[in-house]
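Here is a short tour of one protein model. Have a look at the fold first, and then we can walk through a few local features together.

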Amino acid sequence: MLDSGDIDDAMHIKATMLVEQGNKAIVFLKLRATQLMLSSDAERNLVMMKVMFALVIMFFRRRTQRRRIVHPFRNAGIQFVDNIINGHPRNCLDLMCMDRNSFITLCNMLKERNLVEDGRAISVEEQVAIFLLTVGHNERNRACQYTFQCSGQTISKYVNVIIRALCQLGMENISRPNDEIPSKIRLNHRYNPYFQDCLGAIDGTHIPICVHTSEQSRFRNRKGTLSQNVLAVVGFDMRFHYVLAGWEGSATDSRVLYSALDSDVDPFVIPTGKYYLGDGGYTNIRGLLTPYRGHRYHLTEFNAPGARRVTCAEELFNHRHSSLRTIVERAFGLLKVWFPILKTQVSYPYRTQAAIVLATCVLHNFIINHNPNAEQFDVDESEFDDANDNTLFENEVESATQSSHR
């Protein structure tokens, strides 16, 4: 603090410099001209030069004071990953959404394909761990900063690096199956031979999205919330065959499907003679089989207490169609259980939010491919199990056949 009186021949000159050190204010420099009359400009200039010199010394002294480091533990990320890999197997499964062998395999795959490389202070394993904590537990940037003891810019950088790498892996991890009859159909007389050419199911799901105010009207869905409409094609092994993300929440499922079929970049191709199952939101086109309208369709309508038995062939078809198509709903449920970031709005750019959906679908397929253990499937599958039908439909074929001939 500088307290200087007016420089005048009839007044004393007083200059006091205080510098704050800790919680106490001490005198750094004190210049006082007592009983001294400054009668010339040269003397006044000399005093002011001394005051300015004291100011400069105080400024540089404060700049050279030791700063407190925000992230002092530079090896925190290495220790965290080491504990995940070498610790109890359950820790990796809980934190990384996959077992440690799958985690190591994923890191090695990214290295071998030159998609990710070690940073100056962040290894590939740490980069993957940062991304998995972000999408698997919806961890905020600041929480990851503390866990890995690095800056927020570093966290954001490597989250985007892993997103781009996983999207490039999508070409080999998200692909349609072979033309063989799926085991779910081949081994079940209720579906074989009626659905022997079916490859899976198609449906859309809404993922919350955060966009600018000027674009919110396009992304507002029929429930009034902001979302992106994601088209997914799922096989009976719960693997994604095709994913198209980024469409506005106001778009219908049929429009998104037609966009995928007509796309010039990555079109959705249905093999000749094969088809997928779709719900009532779609229309019957080549390669897509939808249920009969005006008849019961959802399993809850058949399994509700007091529900009547199948009365016609159309209801029988709808029931079996619905029991097969629920595979896509189970896949969506499992995907959102593994990656809760898909349940909330995140403050990423629009393209990044769409890329996160594709990256998580790639991880979904990777996890199933490398470790399809039942303990990882946190979704209760009992409501989709065919065993819930009990004996209600033991003679449904005969009943429906007789009804159709009346």
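## Two loop residues with positive phi

N138 sits in the loop between α5 (124-136) and α6 (141-148); helices (H or I, at least four residues) and strands (E, at least two) are DSSP runs numbered from the N terminus. Its phi is positive, about 55 degrees, although N138 is not a glycine. N138 counts as buried, at 16% relative accessibility (buried means under 20% relative accessible area, exposed over 50%, partly exposed in between, with a 1.4 Å probe and protein chains only).

Q149, in the loop between α6 and α7 (152-173), also is not a glycine and has a positive phi, near 55 degrees. Q149 is buried, with a relative accessible area of 6%.

## About the model

This is a predicted model, where local features need pLDDT of at least 70, side-chain atom pairs count only at pLDDT 80 or more, and totals for chains, interfaces and linings use all residues. Residues are numbered from 1 along each chain as its sequence is written, and side-chain values use heavy atoms, leaving out hydrogens and water.

## The sheet

An open sheet of 5 strands runs in the order β5-β4-β3-β6-β7, with mixed pairing; two strands pair if DSSP finds at least two bridges between them. β5 (240-248) and β7 (288-289) are the edge strands, each pairing on one side only. β3 (residues 198-208) and β6 (residues 275-277) pair in the parallel sense over 3 bridges, and A201 has L277 in β6 as its bridge partner.

## A cis proline

The N192 to P193 peptide bond is cis, with omega near 10 degrees. P193 belongs to the loop between α8 (183-186) and β3.
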